[in-house]
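Let us take a walk through this structure together.

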Number of protein chains: 4
Amino acid sequence: MAKGTTAEPLDITPGEGEHCSTGHHLCMPEDSRKRAARRLAIARGHLESIRRSLEDPDVYCVDVLRQIKAVQGALDGAAAVVLRGHLEAHVATAATRGDEKAIVDELMDVFKYV
Amino acid sequence: MAKGTTAEPLDITPGEGEHCSTGHHLCMPEDSRKRAARRLAIARGHLESIRRSLEDPDVYCVDVLRQIKAVQGALDGAAAVVLRGHLEAHVATAATRGDEKAIVDELMDVFKYV
Amino acid sequence: MAKGTTAEPLDITPGEGEHCSTGHHLCMPEDSRKRAARRLAIARGHLESIRRSLEDPDVYCVDVLRQIKAVQGALDGAAAVVLRGHLEAHVATAATRGDEKAIVDELMDVFKYV
Amino acid sequence: MAKGTTAEPLDITPGEGEHCSTGHHLCMPEDSRKRAARRLAIARGHLESIRRSLEDPDVYCVDVLRQIKAVQGALDGAAAVVLRGHLEAHVATAATRGDEKAIVDELMDVFKYV
């Protein structure tokens, strides 16, 4: 994870509400972090079962497409958990830190890749 | 993979060009199958590295969002490999088998979940 | 509509089943064409009402976002009508014309922009 | 625009920075509003030209699909303008008003339809 590349405008000492082990940048709320991790673990298991199904010469294209879409739905769910945590913990509090512009620019940049 | 659920309109004996070990339904071209499997293996590894990164309390939301988007791009690539194989091997030949309607209905149904 | 740019691999005299006024390229099934046109007319009306709503200084961002998403859903519906017609009339018959590769390449190229 | 349906958690008297003609809810920044309106006007013109192209029996499916994708890209651009304005003017300031939860719930609800 290339944390360094985007960390600069966010090297702000968080308030007490931010459960961060370091004082150097905004950290993910613990609840989002754990829930996203669980969802990613499930998606990874599903992805592995699709990969294994491709060892069978009889596998059917459309079944594989459907399964890939299901994993993408699961990843959308994981991303939604992370996004909600970010909006609540970091974006909604930006005006109190004074980094509104930087934090919104950064988020809009991510949406470009959606 | 619930192959059974959608196999009915596709229980057609394939021509010799279809590298299928059974004669019961259309099979995925071997090349697509292997290339898609390789891409899914890479995506699974990336997903696992994101999941692990979430064990670090210092991980940053926006980095996680970016990484999830990257995996979704990889899954789009894997799905494109499967879709291309399906279009070439099964959809483009539908009129020669006479199952145009069934094969197009099935594919449009998958796109709904895109 | 820059028809010329992509017409080359498709300059094929269509069979009698293709309701085409010229013999130079594959044409859209009339039913798809009319249904897509109706859907686009509705989407355009909706888009115009959103644009007008933006003249009101009291309009709320989230309402505008919701309305834009609704128009995008309507355009997805119009695109699905066109895609289904294309798959049935042109892709499913490709092996009978011998242009499988060209027609699939062209379609995969469009999906890239989805 | 069904403003009423979602206005409740947002019936907050805006601060002086919000260029709102009423005191009843959060309003769109004027710059976003004008830029989004211009983009929607262009998209509507493009949509009308696609609809008109469908009157021609010779129009080709894949050209129509490409044009519809182009309009969807333009709508994504208009939505990005509105979203950025909303994030800067309303989400980034939520903690100063105390409606973080309501404003994030509302925004996440919109993303579901993306």
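**Salt bridges and the surfaces where chains meet**

A network of salt bridges links five residues here: Arg44(A), Glu48(B), Arg51(B), Arg52(B) and Glu55(B). Please keep in mind that this is a predicted model, and that every value below is computed from it.

The network brings together residues of chain A and chain B, so let us stay with these two chains, counting as a salt bridge a side-chain nitrogen of Lys or Arg within 4 Å of a carboxyl oxygen of Asp or Glu. Across the interface of chain A and chain B, four salt bridges are found. If you look for Arg44(B), you will find a salt bridge to Glu48(A), with 2.4 Å between the closest N and O atoms. Polar contacts between chain A and chain B come to 11 residue pairs, with both residues at pLDDT 80 or more.

Which elements of chain A give two or more residues to the side that touches chain B? They are α1 (30-53), α2 and α4 (100-112) of chain A. The element that gives the most is α2(A), with 19 residues. Sorted by class, this side of chain A has 35 nonpolar, nine polar and 14 charged residues.

Now for the extent of this meeting. In chain A, 58 residues are in contact with 58 residues of chain B. The size of an interface is often given as the accessible area lost when the parts come together. For chain A and chain B, about 5,400 Å² is buried between them, and 68% of this lies on carbon and sulfur atoms.

Let us move on to a pair that involves chain D. Asp105(D) and Arg84(A) form a salt bridge through their side chains, at 2.6 Å from N to O. This pair joins two chains, because Asp105(D) lies in helix α5 (residues 100-112) of chain D while Arg84(A) lies in helix α2 (residues 61-91) of chain A.

In chain C, Lys34(C) pairs with Glu30(C), and their closest N and O atoms are 3.0 Å apart. Both residues lie in helix α2 (residues 30-53) of chain C, four residues apart, which is about one turn of the helix. Lys34(C) is partly exposed, with a relative accessible area of 44%, and Glu30(C) is partly exposed at 38%.

A further example sits in chain D, where the side chains of Lys112(D) and Asp109(D) meet in a salt bridge of 3.4 Å, N to O. Helix α5 of chain D holds both residues, three residues apart, again about one turn of the helix. Here Lys112(D) is exposed, with a relative accessible area of 62%, whereas Asp109(D) is partly exposed at 25%. Over all chains, the salt bridges come to 52.

Technical notes: Residues are numbered from 1 along each chain as its sequence is written. Chains are lettered from A and ligands numbered from 1 in the order in which they are written. This is a predicted model: local features need pLDDT of at least 70, side-chain atom pairs count only at pLDDT 80 or more; totals for chains, interfaces and linings use all residues. Side-chain values use heavy atoms; hydrogens and water are left out. Buried means under 20% relative accessible area, exposed over 50%, partly exposed in between (1.4 Å probe, protein chains only). Contact means heavy atoms within 4.5 Å. Buried area is the accessible area (1.4 Å probe) that two parts lose on being put together, summed over both. A polar contact is a pair of N or O atoms within 3.5 Å; within protein, one must be able to donate a hydrogen and the other to accept it, and residues adjacent in sequence count only if both atoms are side-chain atoms. Ala, Val, Leu, Ile, Met, Phe, Trp, Tyr, Cys and Pro count as nonpolar, Asp, Glu, Lys and Arg as charged, and the others, Gly among them, as polar.
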